[in-house]
Amino acid sequence: MTAFFHTIISEPLYNGLIFLMKTLPFFDAGIIVIIFTIIVKIIMLPLSLKASRAQLEMKSHEKNLQEIKNKYKDNKEEYGRKQLEYYKEKGINPFSSIFILLIQLPILIGLYNIFLKSGLPKVDMTLLYSFVPAPDTINMVFLGLINISEKSIILAIIAGITTYFQISLSTAQAGDLSSQGDIAKAMQTQMKYFFPILMAFIAYTISSAVALYLITSNLFAIGQEIYIKKKYHKSTMVV
């Protein structure tokens with residue numbers, strides 16, 4: 001499994017970063033991480049858009065879900081069964097937003113391998129594909145201020161804050177938590193408050209490079225959510 005993960009995740013990420021560093025030598029490594037993150041987010045965009053639209057669609061079912069909850073409020077087992085039946089009938093996945101948040105974890109692990117184990121700014125030639133040339137030098141100081149191979153409490157805190165706002169906006173799109181059932185409500189609440197702390201901890205523990213990845217990823221996701229809300233909000237409110 002480790003070798004498979006290394007081949008599928010770590011090596012492509014490493015080669016992608018090195019390729020950008022070679023192609024754009026006038027940018028420091030921090031800017032390269034930002035560019036790289038945007039490329040990754042664009043690749044994942046179709047899946048993210050699908051999840052965001054599903055959240056808005058979820059909100060259009062609030063009234064019916066609340067009726068189910070009121071009808072079976074004294075029988076939690078039956079309420080849970082009816083709720084799942086309703087989800088299945090309407091093709092609803094109440095956990096799609098959580099899936100999008102979790103899907104970035106393999107990338108974080110890959111970045112961990114890159115920035116903690118691969119020895120940047122030195123390039124490990126054994127990890128490079130034959131068609132990826134190594135850059136002559138790599139500037140690890142982001143905007144001349146922060147060495148992204150080291151820890152930064154400031155960037156880690158910003159990573160946590162942007163994660164919180166990204167989750168808050170994402171879950172808000174899904175509507176009133178009270179209509180979504182105990183399981184979805186509990187999971188969304190825990191994600192909203194626990195996940196930002198976890199991401200800030202990971203960002204600080206590993207390096208500033210991971211913090212930059214998280215900040216850029218979160219800002220991209222926030223912009224995406226705002227775009228989706230404006231573009232699809234009216235249509236998804238019609239049942």
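## Helix α1

In α1, the residues F5, S10, E11, L13, Y14, N15, L17, I18, L20 and M21 are buried (under 20% relative accessible area, with exposed over 50% and partly exposed in between, for a 1.4 Å probe and protein chains only). Helices are DSSP runs of H or I with at least four residues, numbered from the N terminus.

This is a predicted model, in which local features need pLDDT of at least 70, side-chain atom pairs count only at pLDDT 80 or more, and totals for chains, interfaces and linings use all residues. Residues are numbered from 1 along each chain as its sequence is written, and side-chain values use heavy atoms, leaving out hydrogens and water.

A kink of about 35° lies at S10, shortly before the proline P12; the bend is the angle between axes fitted to the seven residues ending at a residue and the seven starting there.

## Nonpolar cores

A nonpolar core is a set of buried Ala, Val, Leu, Ile, Met, Phe, Trp, Tyr and Cys residues joined through side-chain atoms within 4.5 Å. The largest has 43 residues, and I18, L111, I114, F115, L120, I148 and L214 have the most contacts inside it. Elements giving two or more residues to this core include α1 (2-23), α7 (105-117) and α10 (208-236). The most comes from α10, with seven residues.

Not counting residues up to four places away in sequence, F115 touches L17, V33, L120, S207 and A209 (heavy atoms within 4.5 Å). Another core, of six residues, lies apart from the largest one and has L65, I68, Y72 and Y79 among its members.
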